[in-house]
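Q: I would like a close look at a single part of the model shown here. Please keep to computed values and state the cut-offs.

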2 protein chains.
Amino acid sequence: MPATPNKQVIFAKIPTTYPVPGEHIKVEDSAIDLDAPLAEGSFILKLLALSVDPYMRGRMRDASIESYLPAFPLGKPMTGDTMNVVVKSNNPNFKEGDLVYGKTACGIFSEYSVITKELEPYFEVRNDPKETGLPITNYVGVLGMPGMTAYVGLLKFGAPKKGETLYVSAASGAVGQLVGQIGKTLGMYVTGSAGSDEKVEYLKEIGFDAAFNYKKVDNLTEKLKEVCPKGIDVYFENVGGQMLEAVIDNMNKFGRIVACGMISQYNREKPEGIHNLMQVVAKRLRIEGFIVGDSVEMIEPFRKDMTQWLLEGKIKYRETVADGIDQTPYALIDVLNGRNFGKQVVNVANL
Amino acid sequence: MPATPNKQVIFAKIPTTYPVPGEHIKVEDSAIDLDAPLAEGSFILKLLALSVDPYMRGRMRDASIESYLPAFPLGKPMTGDTMNVVVKSNNPNFKEGDLVYGKTACGIFSEYSVITKELEPYFEVRNDPKETGLPITNYVGVLGMPGMTAYVGLLKFGAPKKGETLYVSAASGAVGQLVGQIGKTLGMYVTGSAGSDEKVEYLKEIGFDAAFNYKKVDNLTEKLKEVCPKGIDVYFENVGGQMLEAVIDNMNKFGRIVACGMISQYNREKPEGIHNLMQVVAKRLRIEGFIVGDSVEMIEPFRKDMTQWLLEGKIKYRETVADGIDQTPYALIDVLNGRNFGKQVVNVANL
């Protein structure tokens, strides 16, 4: 019974603030027998690429607390968006050599995994990279959940109009950089903020009309007034806290705040308070939260549009690729700290 | 030139917290010559009833601060919803004896006022009370702006569904008592809070399924859990602050928060912070502010429905009627303090 080494990213302990590699998230050795017989309907996936995303922090909680995604079980591999290849199969829907997308919250962070019949619905054959020539990592980012989040959030919840001002926080991130570029295709005035001068430079390169480094700003409200001289019509909210307060001060009447995430608050024991919600009434603002998984009707148009935009060069997508599954805990913590640049992914193995 | 005494409610000084009668709001004597010739298009109104409402606090500000309604000019009569009778006219659209509605923000708090041609659009002949037999005061309340606010807010912004749970704060107030009763006509489970046991008793009398005195509650979040065991689907927000926080903790997925006002914050120099907006994402909440004046398309259906509900006894409406224009400053401050019960109006003169 020759065993193949099989490293896994394990959720080891619930963090109270920032998770620490080796304490809350561990990469552990295990082994798998790739020659063992497979039950009917089962297949074995080899992990190629995985996505680390801010929402994962919300799953690192006590399982008794309910939320839109289940908590990670302690002592088990973490899960998320993955791309894989089938190395062995006893399931006619998944053939050896097929590329397989492990959907949000369900792709397993393990070099190899046996997928049984009942888990089949969480996996999808996605051989498109063989045709498009786009990098496999794109399929857990711009063409996966983060890309769809940008698409659904702006188009369905932002009610964007040509000529309006769009402001995106965490704008160089996995989602933000796409929101801004989609906004440009619609003829919006697109503005954004990020946490380094280099990121701000990148935003301008990909077509943002204005961008700033929020870490260098004392008064966010005044800065936004300068950057968005006509006020903000659509705010794509990734950050929360003080940024949200400053945006509310600058929103135009009938403005829309699309709440995608509030990363500045995830690692605080006590979240910051928002003191100016009274403006919601006077300005008739709409603040709406969304989860991309509720909008399955948009999967097909999203994949079609985004693939075309990428192939035509209309949309650019910056990735930071960490090399090897061992890097996963560090990659996730970089994302939570804003130390990554663009979409953070981990390349686990090459095809 | 025989002068008729003409008392006026004057905005005398900008308050920082609660306005004080005689300091920020004064009732002053003046005089009017009712026999003077009237310019073409002008007419003279005698004030019968006026409405004092929480939103008026927002107009008692420095005129340089913009908001959805202009600031009250210092030294001039305050304005709001009024019912009047024409005592003299040189305008064919307004005949002597016509009852006239002074629309929100525009009816003048003066025993008599000369309305010139250019102000005509802010006044509307409304002789309905002569046919319905309903009290004149109803036409600045349940059949005026507060009634329409309840109707538009719940039906247009609340997206209410049969069987859902509705929670209304300031529920015995001018708007709240109507929101709850409209909710009942739709088959909702209707809950509310108010600031005295007597008010709570009244809510139960008019059909609320559950109600509580928020002043007797230590832990609002726990109390709401008890009162709304299935969670809250629609929150009609009149209060803000801690109440809003507790509601967010109890909102169901895809819940709607209709933001009509935040009275608990109007008289604070520093508003309270809301710390749990992160739930907006996870629960996909929608928080939307509205101003009734944006929904003119609903005026006709509102008046038709509400008149019918009142005449059929399906909707009850409690008013507190202060007697005489001198009482106006006290009546407004009672509203801001929650000391009134039901809709606070001032009866200035009888027909």
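What pLDDT does chain A average, and what lies on the side of chain A that touches chain B?

A: Chain A averages a pLDDT (the predictor's confidence in each residue, from 0 to 100) of 94, and 100% of its residues score at least 70. This is a predicted model, in which local features need pLDDT of at least 70 and side-chain atom pairs count only at pLDDT 80 or more, while totals for chains, interfaces and linings use all residues. Residues are numbered from 1 along each chain as its sequence is written, chains are lettered from A and ligands numbered from 1 in the order written, and side-chain values use heavy atoms, with hydrogens and water left out. The model has an ipTM of 0.87 and a pTM of 0.88.

Between the chains, 30 residues of chain A are in contact (heavy atoms within 4.5 Å) with 30 residues of chain B. The buried area (accessible area, 1.4 Å probe, lost by two parts on being put together, summed over both) is about 2500 Å², with 69% of it from carbon and sulfur atoms.

Two salt bridges (a Lys or Arg side-chain nitrogen within 4 Å of an Asp or Glu carboxyl oxygen) are counted between chain A and chain B. One of them joins the side chains of Arg284(A) and Asp294(B), at 2.7 Å from N to O. At least two residues of the side of chain A that touches chain B come from each of strand S14 (251–259), helix H8 (279–282) and strand S15 (286–289) of chain A; helices (H or I, at least four residues) and strands (E, at least two) are DSSP runs, numbered from the N terminus. S15(A) gives the largest share, four residues.

S15(A) also takes part in strand pairing, which requires at least two DSSP bridges between two strands. With strand S15 (residues 286–289) of chain B, S15(A) runs antiparallel over three bridges, and Ile287(A) stands opposite Ile287(B). Within chain A, S14(A) and S15(A) are parallel, with four bridges; there Arg256(A) has Arg286(A) as its bridge partner.
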